[in-house]
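My notes follow the model.

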Amino acid sequence: MQLIALRDYLQTSHGASLAQLCRHFRQPQSAMRGMLEHWIRKGRVVLLEAPCASSCGQCNGETEWYRWQEKRHRIIPLKVQ
């Protein structure tokens, strides 16, 4: 059930930090990373580093961001004869 809730949350947001996800789902980081890894293996979630991660340092360690990624269909070119 938590995996589906995580999917729904990430699909409706523009990404979320690990800390935000832990607060929202009331889970420790280790459990949340495990659930995120499931979706990463399936190619549906991507791990991003916050753009400001190396500059100001005032984001309280929330530099680990996750975003849902819609699957792109593979296009197979047709042979032209």
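This is a predicted model: local features need pLDDT of at least 70, side-chain atom pairs count only at pLDDT 80 or more; totals for chains, interfaces and linings use all residues.

**Helix packing.** I looked up helix α2 (residues 18-25) against helix α3 (residues 29-41). Their axes come within 10 Å and cross at roughly 105 degrees. That angle falls in the range 65 to 115, so I note α2 as roughly perpendicular to α3. On the α2 side I listed Leu18, Leu21, Cys22 and Phe25; they meet Gln29, Met32, Arg33 and Leu36 of α3. Sorted by class, this contact has 6 nonpolar, 1 polar and 1 charged residues.

**Sheet.** I found 3 strands in an open sheet, ordered β1-β3-β2, with antiparallel pairing. The edges are β1 (16-17) and β2 (45-49); each has a single partner strand, so one side of each lacks a neighbour in the sheet. Between β1 and β3 (residues 64-68) I noted 2 bridges, and Ser17 has Trp65 as its bridge partner in β3. Helix α1 (residues 2-12) packs on the sheet and touches β1, β2 and β3, with its direction at about 90 degrees to that of β3.

**Aromatic pairs.** How many aromatic pairs does a search of the whole structure find? I got 2. Tyr9 and Phe25 are edge-to-face, 5.7 Å centre to centre with 75 degrees between the planes. Tyr9 is in α1 and Phe25 in α2, so the pair ties together parts 16 residues apart in sequence. Tyr9, at 24% relative accessibility, counts as partly exposed; Phe25, at 12%, counts as buried.

For Trp39 and Trp68 I noted ring centres 5.2 Å apart and planes at 70 degrees, so this pair is edge-to-face too. It links helix α3, which holds Trp39, to strand β3, which holds Trp68, across 29 residues. Both Trp39 and Trp68 are buried.

How values were computed. Residues are numbered from 1 along each chain as its sequence is written. Side-chain values use heavy atoms; hydrogens and water are left out. Axes are lines fitted to C-alpha atoms, for helices over the stretch in contact, and angles run from 0 to 180 degrees between N-to-C directions. Helices (H or I, at least four residues) and strands (E, at least two) are DSSP runs, numbered from the N terminus. Angles under 35 degrees count as roughly parallel, over 145 as roughly antiparallel, 65 to 115 as roughly perpendicular and the rest as oblique. Contact means heavy atoms within 4.5 Å. Ala, Val, Leu, Ile, Met, Phe, Trp, Tyr, Cys and Pro count as nonpolar, Asp, Glu, Lys and Arg as charged, and the others, Gly among them, as polar. Two strands pair if DSSP finds at least two bridges between them. Rings of Phe, Tyr and Trp (its six-membered ring) pair if their centres lie within 6.5 Å; planes under 30 degrees apart count as stacked, over 60 as edge-to-face and the rest as tilted. Buried means under 20% relative accessible area, exposed over 50%, partly exposed in between (1.4 Å probe, protein chains only).
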